[in-house]
Amino acid sequence: MKPITRNLGWKLASLGAAFVIWLVVTGARELTTSITVPVQYRNIPKNLEISSDIMEQVHLVLRGPSPMLSRLSPAAMPLVVDLSEVRTPGQRTFTLDRRNLNLPAGVTLERAVPAQLQIRLETRIQRDVPVKPQFENIPEGMQVKSADVSPAKLTVIGPQSRVRHIQEVLTDAVDLRMLDAKGNASTTAYSGDAQVNFTSSPAVTIHVTLAPK
């Protein structure tokens, strides 16, 4: 009997505390609340990319005991869209329910807005595109005679249709008043599409030669 009676006071106190917590939770009035949570897209196949507009947040209507609802942290409970079963390009619709969430016991999902997410996946491709420099504050009476960009091309990667649409990438405008003594300036190229990335740094150097008009 010693193992049972050992620290009996502590065991009874723990049991009593657990009972009090249970009473608080089960006795609390159930409420409905709405929160906005981030969407996470997981297990995207390596050869595919999401080409449709990406929904980043979903509105949830939850029901549960008031103390539990008040402790919910939207950032800590993302809605997860699992793409592990997707094998080929195409359009996919995902119906959102409790399985997409990690809700605490006692909290139920009444509805999600939107109730479904529809996404399109395409084959991931990459291609080299030329870098086109942009300029501003050209000195009065002068013009850009030549502009040599290094590197002259950058590699972009992303969904097939979006990558094929990009014929060139532009740089941030170079202020010609800020050229160094050798006529050089550093700037950054921009893909122009949030779902198309560069495979390396988009930083470029431009050597500019000015001449009278």
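Author: The part to begin with is an open sheet of four strands, in the order β4-β1-β3-β6 and with mixed pairing. Its edge strands, β4 and β6, each pair on one side only. From one strand to the next, the twist averages 35 degrees; for such angles, axes are lines fitted to C-alpha atoms (for helices over the stretch in contact), and the angles run from 0 to 180 degrees between N-to-C directions. Strands (E, at least two residues) and helices (H or I, at least four) are DSSP runs numbered from the N terminus, and two strands pair if DSSP finds at least two bridges between them.

The model is a predicted one, in which local features need pLDDT of at least 70 and side-chain atom pairs count only at pLDDT 80 or more, whereas totals for chains, interfaces and linings use all residues. Residues are numbered from 1 along each chain as its sequence is written, and side-chain values use heavy atoms, with hydrogens and water left out.

Within the sheet, β1 and β4 run parallel and are joined by four bridges. Q40 stands opposite V80 in β4. In a regular strand, side chains alternate between the two faces of the sheet.

The largest core has 27 residues, of which Y41, L60, L62, M77, L79, V81 and L83 touch the most other members. At least two residues of this core come from each of β1 (30-42), β2 (48-50), β3 (57-65), α3 (66-70), β4 (79-82), β6 (108-113) and β7 (116-136). β1 gives the most, with four residues. Apart from this core lies another, of 17 residues, including V163, A185, A189 and I206.

Contact means heavy atoms within 4.5 Å. Beyond its neighbours within four places in sequence, L79 is in contact with V37, P38, V39, Q40, V58, L60, L96, N100 and L101.

At 6% relative accessibility, I50 counts as buried. Residues up to four places away in sequence aside, I50 touches Y41, I44, L83, I119, R120, L121, P159 and Q195. The C-alpha atoms of I50 and R124, which are 74 residues apart along the chain, are separated by 9.0 Å.

R124 also takes part in a salt bridge, defined as a side-chain nitrogen of Lys or Arg within 4 Å of a carboxyl oxygen of Asp or Glu. The partner of R124 is E49, at 2.7 Å from N to O. This pair links distant parts of the chain, for E49 is in strand β2 and R124 is in strand β7, 75 residues apart. R124 counts as partly exposed because its relative accessibility is 31%.

The structure holds six salt bridges. Another of them joins the side chains of R162 and D193 (3.0 Å, N to O). R162 is in helix α4 (residues 160-165) and D193 in the loop between β11 (184-190) and β12 (197-198), so that this pair, 31 residues apart, likewise links distant parts of the chain. D193 is buried, with a relative accessible area of 15%. A further salt bridge is formed by D175 and R177 (2.9 Å, N to O). D175 is buried at 16% relative accessible area, whereas R177 is exposed at 59%. Salt bridges that share partners join D53, R162 and D193 into one network.

Strand pairing continues beyond the sheet described above. β7 pairs in the parallel sense with β10 (residues 169-175) over five bridges, and Q134 has A173 in β10 as its bridge partner. β10 in turn pairs with β11 in the antiparallel sense over two bridges, where L170 has Y190 in β11 as its bridge partner.

The protein as a whole has four helices and 13 strands. Of its 213 residues, 33% count as buried. Among contacts with a separation of 6 or more, 74% are between residues 24 or more positions apart.

Note on methods
Core = buried A, V, L, I, M, F, W, Y, C linked by side-chain atoms within 4.5 Å. Buried < 20%, exposed > 50% of the residue type's maximum accessible area, 1.4 Å probe, protein only.
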